[in-house]
Amino acid sequence: MIRRTLLAATTALALAAPAAAQDFAITNATVATGDGSAPIENATVVVQGGKVVAAGVNVQVPAGVPVSDGSGTWVTPGIFATVTDLGLWDVGAVGESNDTTARNSPFSAALDTAPAVNPRSQHVLISRAAGITRAAVTPSAASSIFAGQGSMIDLGDDPQAVRRPRAFQFVELGEAGGRLAGGSRTAAHTLLRNALREASRFGEDSGLAGGPSRPAEVTTGDDIPIDPRLVESDAERATDVLLTRFDAAALVPVVTGHQPLYVHVERAADIRSVLGLRREFPQLDLVIVGASEGWMVADEIAAAGVPVIANALTDLPARFEQLASTQSNIGRMQDAGVKVAINAAAMEQPRYLPHFAGNLVALASVPRAAGLSWGEALASITSIPAEISGFGGQLGVLKPGAAGDVVVWDGDPLEVSSAPVRVYVDGVEQPLENHQTGLRDRYRDLDESELPKAYDW
Amino acid sequence: MRAAIRVLLAATATAALAACATAEGSGDSARSASAYDYPDTPYPSTYQPYPGVPTALVGATVYDGAGGRIDNGTVLFADGKLVGVGGADLAIPTGYTRIDGTGKFVTPGVIDIHSHLGDYPTPSVDAHSDGNEATDPTTPEVWAEHSVWPQDPGFTRALTNGGVTALQILPGSANLMGGRSVTLKNVPSRTVQGMKFPGAPYGLKMACGENPKRVYGGKGRTPSTRMGNFAVNRQTWIDAREYAAGDRDDRDLAKETLAGVLDGEILVHNHCYRADEMALVMDMGKEMGYRVTAFHHAVEAYKIGDLLRENDVCSAIWSDWYGFKMEAYDGIPENAALLYQAGACVVIHSDSENGIQRLNQDAAKAQAAGARMGIEVPDADVVGWFTLNAAKAMGIDDVTGSLAAGKMADVVLWNGDPLSVYSRPEKVWIDGALMFDANDPQRRPVSDFELGQPGEGDVK
């Protein structure tokens, strides 16, 4: 059958050595660059040497670059999904296949996703087929408020998924953090401070470049002074430590600002507390995750310059820390000047990202709601998450010099009815087959007149 | 998968134990009594439609839910009932308020056949966990309506963002027989009786597969295997048949529910993922003298579309959930389209306080997945996946689920194509009463729980 031939060809391709980046150009397409601007009709995208060299109108395709006609298609940068657990599990409820949490580990902050990521996970393949080319992969907290260290991966069909290991530390400071710390938010904040001070001292002892965090003046607003031993990085490794050596070492780059600290909080008051951490630890590179009530403190978040990976369509008080949640959350924060990406973890599957973005566009026509323009919505799943992840200008955008992560769609990419027809990572065209496409093709009909379905593959 | 994500994000908690359903409906007691000496149906519906005005929706594209599409259509309703559905030439009686729907769309009210609103309400705290009586593998004696908290804010989101006008609240799927469901009008009320859909049949929620054997196997009890699941079910049915064949004088809440199923008055809504298990369950129904009305979740239904068609069993499904548990590993986005191609009944369901706000989008996604493999499902039929087909499987299609004269005026005016991500409900009528209007900040329900809280009355 034709399908078998196609599959055979694809399989052969997959088994071949990693393909080199192809030069290619797509013309006459509707191109959305991901930078927040509106889509451009009849535009051209050129990729050479694995990088975007041009995107827009009035583009000359260099001689020798193969051109495909993109009429009727849309072209965008690859979706950048943050935060996810892609590559960390096969079946959620099958514990041995699931590396997202480590409830019984003696370690917490030191847990590093990089060696655990499986580039052949079906969820990586399925997400790739949905146009996701990059993702932030985070562990989930289970034994401590510190979940561990996240990785930045690409979803290309090659063994090298992790592109930046130990890209961030993830910590829980809301309701979940309180439970993990022993029962309350107060415990979570105390645990955090203790850990950062231990790490600060540990970092000083290590002689690592960068040095410890230098606490600013701390005033309490009344006449009770703070014991200087609690604020001057004075935890004694030998006698008074809660962190393992590995965990302390893992937090050194956090306290020195060399590694971003992703903090999951939802409630407005919790967000304020997180922003306040920089009074004690000025070098923290904070990113807020969740932020269901972010709109209530949007001005403060904007003033602090802290980016947010926010829940897009959360609109129910699922927890008391989410009482004010609304689908207008992201639109309102963006209006206040906050840099906001859509949180891929606040949906059933990361491949819903474009649809959640599309829903935010829909809000623009709902009275009293705050939504995003189409260009802003695409940016919230491409260039903005790339910027928050430390890849500004390199990923999530179609502009000269950026990686050749390109997705060609059969329609408006934010529409639920659209899907990618071609996906490139670093200029390499990707296979889009996976377990689901195999099942789809096998059960296209239920004909078993010659042989059982098991022979149809 | 989802467990981890939930810890991380808390935000979108959905019941991972996807449940199943049973519907209740305040069965009408006279009907039951006529069949046998069945106790009068207690906790009767006290729902009364709210006042409305005779209304003419004109100029919109109308999907009637039954496969019909009318461009530049006219929909008339008055006194809570649909009066007429037709084209631009349909005469509008005097006294009707005209609403211009040019550029907009009209559908029947959205119906969710699988919801846990009220029995797993938000906030999702332990004190609100009222969906699984997980103390015995068979609890047909429990009724979901006795768990429903009418103040669940989720009802309001389903109305305003999802256009949901009726829904079936099911017990969870921890048990082989989880209990009776209840079908509700999505109209806020101080009591659950005030929401009960008048005349809707009850359902019995059943569950096969991983959940019951995990929950009870984990307690060192039977069932701990799939074969244990069947053994417990079969013996329970055998005992119920004996009860049903007797004089039924001794009240037995569990057996009364099962007798209701054997009598054909209570519909079986069976949570089941795998194709092979669904085939066995259908045979169990034949062995014991009942039929399954709908399989819920049914992620592998596409593998047995022929069997489902032949047995006239609906599949109430998500468009593309998969992978969160072993029995969901083979879920594919083409499930609905392949079932449609096989001539089997498709219902798009949510099992989620979030998904219930976007059933229309989920259906559109499933439609598109089919189109990409060459299965074209007309838009008008796709609308039926979240309206009339759900009503049929809930036994309320004689009174709602499509736009036809004489039916309840459960109507949504969308600000655009309901199969587009960019569209939202603009107005929602239930029994002809305007229960939501996006243009009127006051025409929006706010539950008791949200009064005086941050975000009270926000657009959500």
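**Domains, strands and the chain contact**

Chain A is assigned domain 1 (2-76 + 432-455) and domain 2 (79-183 + 260-270 + 284-395); such bounds come from an automatic or database domain assignment. This is a predicted model, in which local features need pLDDT of at least 70, side-chain atom pairs count only at pLDDT 80 or more, and totals for chains, interfaces and linings use all residues. Residues are numbered from 1 along each chain as its sequence is written, while chains are lettered from A and ligands numbered from 1 in the order in which they are written.

Over C-alpha atoms, the centres of domain 1 and domain 2 of chain A are 27 Å apart. Between them, 14 residues of domain 1 of chain A contact 13 residues of domain 2 of chain A, where contact means C-beta atoms, placed from the backbone, within 7 Å.

Now the strands, which are DSSP runs of E, at least two residues, numbered from the N terminus. Strands pair if DSSP finds at least two bridges between them. In chain A, strand E5 (residues 74-77) runs parallel to strand E1 (residues 24-31), with two bridges, and A:Val75 in E5(A) faces A:Val31. E5(A) also runs antiparallel to strand E14 (residues 406-409) of chain A, joined by four bridges; here A:Pro77 is opposite A:Val406 in E14(A).

Last, how many residues does each chain bring to the contact? Chain A gives 61 and chain B gives 56. Helix H9 (353-363) of chain A is among the helices that each supply at least two residues on chain A's side; helices are DSSP runs of H or I, at least four residues. H9(A) provides the largest share, five residues.

Key:
Contact = placed C-beta atoms within 7 Å.
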